[in-house]
Structures are given as structure tokens and as C-alpha cells.
Amino acid sequence: MSTLRTFSISALAAVSLSGCALLPFDREPPVVRVMPGQLEPIHAAAITRDLAVFWVSSNGCTDKDDLTPVIDRAGDGSTITLRRIDEDTCDHPMAEGVEIIWSFEELGLAPGERVRVNNPYQLPPSI
């Protein structure tokens with residue numbers, strides 16, 4: 001009788017443990033998104049009704065084509081993450097950086113849409 005009881009307890013434990021092991025798989029795995037280039041530290045950002053304006057560091061050759069805005073939509077708005085695609089290899093540093101502007105239309109955003117910026121801020125170098 002004790003062998004039967006031990007078997008029943010072991011079987012119950014195996015069923016219970018297998019049920020616990022399945023719980024983490026009930027949820028969707030987190031989505032990891034690979035973004036192009038490097039995360040670009042910014043000096044400043046301004047969002048208007050239909051423009052996104054950024055000031056970024058430059059060694060004298062940075063222009064709009066060297067950067068790409070990555071848009072993530074979630075909930076009540078969107079998040080812009082500015083990424084540097086091409087390195088600025090010039091040697092004429094600009095203390096204030098350069099101004100780069102995208103219209104909401106270029107970004108695929110609606111005028112007046114709520115927007116957040118997901119870039120670290122970097123103070124310009126002191127001269």
C-alpha cells in the first residue's frame with residue numbers, strides 16, 4: 001500500500017511541476033528590435049505641431065542623410081530614436097552642433113501627434 005501511495009504522490013508532483021513549467025510560456029516573448037547605426041546623443045530637441053528639430057554634434061560634415069529617425073508607435077503617441085548611420089570624420093568641430101529638421105509628414109506622423117524623444121542629452125563641449 002505504501003508503494004501505491006508513493007507512486008500517487010510522485011505522479012501528482014510530476015503533473016504539478018509540469019504545469020508550473022508551462023506558465024512562463026503562456027505570455028508573448030518580449031520583442032527585441034534591432035535598430036540601424038548608433039544611438040545619437042543630442043544637444044537639444046524641439047517638437048512642434050508638425051516638425052521634429054534636433055541639435056546634434058558635428059565635426060563639420062554632419063547633415064540629415066547621416067542620421068535616421070526610428071519611429072516606435074505605442075499607446076497614445078510615438079517615440080523618436082535618432083540614430084547615426086554615417087560617422088562625421090571631418091575635423092572642424094562645431095561647438096553648438098548642427099540643426100537637423102524632419103517634418104511629421106517625413107516621419108509618417110500626424111500633425112499634432114504626441115511624440116517623445118528617446119535619445120540621451122549631451123551638453124556641447126565648452127570652449
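This is a chat about a predicted model of one protein chain.

User: What's the mean pLDDT of the chain, and how many of its residues reach 70 or more?
Analyst: This is a predicted model, and the mean pLDDT of the chain is 80. 71% of the residues reach 70 or more.

User: OK, overall layout. How many helices and strands are in the chain?
Analyst: The chain has 2 helices and 7 strands. Along the sequence they come in the pattern α-β-β-β-β-β-β-α-β.

User: And what share of the residues is buried?
Analyst: Of the 127 residues in the chain, 26% are buried. As for contacts between residues at least 6 apart in sequence, 74% join residues at least 24 apart.

User: Let's do sheets. What's the strand order in the open sheet of 3 strands?
Analyst: The order is β2-β3-β6, with antiparallel pairing. The strands at the edges are β2 and β6, each with a single partner strand, so one side of each has no neighbour in the sheet. From one strand to the next, the twist averages 20 degrees.

User: How many bridges join β2 to β3?
Analyst: There are 5 bridges between β2 (residues 42–47) and β3, and the two strands run antiparallel. A hairpin through 3 residues joins them. If you want a landmark, Ala46 sits opposite Val53 in β3.

User: And β3 with β6, how many bridges there?
Analyst: That antiparallel pairing runs over 7 bridges. Val56 has Val98 in β6 as its bridge partner, and Phe54 has Ile100 in β6.

User: Speaking of Phe54, which residue does it form an aromatic pair with?
Analyst: Its partner is Trp102, in an edge-to-face arrangement with 6.0 Å centre to centre and 75 degrees between the planes. Phe54 is in strand β3 (residues 51–58) and Trp102 is in strand β6 (residues 94–103), so the pair ties together parts that are 48 residues apart in sequence. The structure holds 1 aromatic pair.

User: Is Trp102 buried or exposed?
Analyst: Trp102 counts as buried, with 6% relative accessibility. Phe54 is buried too, at a relative accessible area of 0%.

User: What does Trp102 contact, leaving aside neighbours within four places in sequence?
Analyst: Its contacts are Asp50, Leu51, Ala52, Phe54, Lys64, Leu67, Pro69, Leu82 and Leu107.

User: Which members of the largest nonpolar core touch the most other members?
Analyst: Out of 15 residues in that core, they are Phe54, Val56, Ile80, Leu82, Trp102, Leu107 and Leu109. At least two core residues come from each of β3, β4 (67–74), β5 (77–84), β6 and α2.

User: Tell me about β5. How many of its residues are buried?
Analyst: 8 of the 8 residues are buried, so β5 is largely enclosed by the rest of the structure. Gly77, Thr79, Thr81 and Arg83 are on one side, with Ser78, Ile80, Leu82 and Arg84 on the other, and both faces are covered.

User: Which sense does β5 pair in with β4, parallel or antiparallel?
Analyst: Antiparallel, over 8 bridges. One landmark is Thr68, which stands opposite Arg83 in β5. The hairpin of β4 and β5 has 2 residues between the strands, and Gly75 takes a positive phi near 55 degrees there.

User: How about β1 and β7? What sense do they pair in with β5?
Analyst: β1 (residues 38–39) pairs with β5 in the antiparallel sense over 2 bridges, and Leu39 stands opposite Arg83 in β5. β7 and β5 pair in the parallel sense over 3 bridges. Ile80 has Val117 in β7 as its bridge partner.

User: Last one: where is Arg116 found?
Analyst: Arg116 is in strand β7, residues 115–117. With 37% relative accessibility, Arg116 counts as partly exposed. Not counting residues up to four places away in sequence, Arg116 touches Ala74, Asp76, Ser78, Thr79 and Ile80.

How values were computed
Residues are numbered from 1 along each chain as its sequence is written. This is a predicted model: local features need pLDDT of at least 70, side-chain atom pairs count only at pLDDT 80 or more; totals for chains, interfaces and linings use all residues. Side-chain values use heavy atoms; hydrogens and water are left out. pLDDT is the predictor's confidence in each residue, from 0 to 100. Rings of Phe, Tyr and Trp (its six-membered ring) pair if their centres lie within 6.5 Å; planes under 30 degrees apart count as stacked, over 60 as edge-to-face and the rest as tilted. Helices (H or I, at least four residues) and strands (E, at least two) are DSSP runs, numbered from the N terminus. Buried means under 20% relative accessible area, exposed over 50%, partly exposed in between (1.4 Å probe, protein chains only). A nonpolar core is a set of buried Ala, Val, Leu, Ile, Met, Phe, Trp, Tyr and Cys residues joined through side-chain atoms within 4.5 Å. Contact means heavy atoms within 4.5 Å. Two strands pair if DSSP finds at least two bridges between them. Axes are lines fitted to C-alpha atoms, for helices over the stretch in contact, and angles run from 0 to 180 degrees between N-to-C directions.
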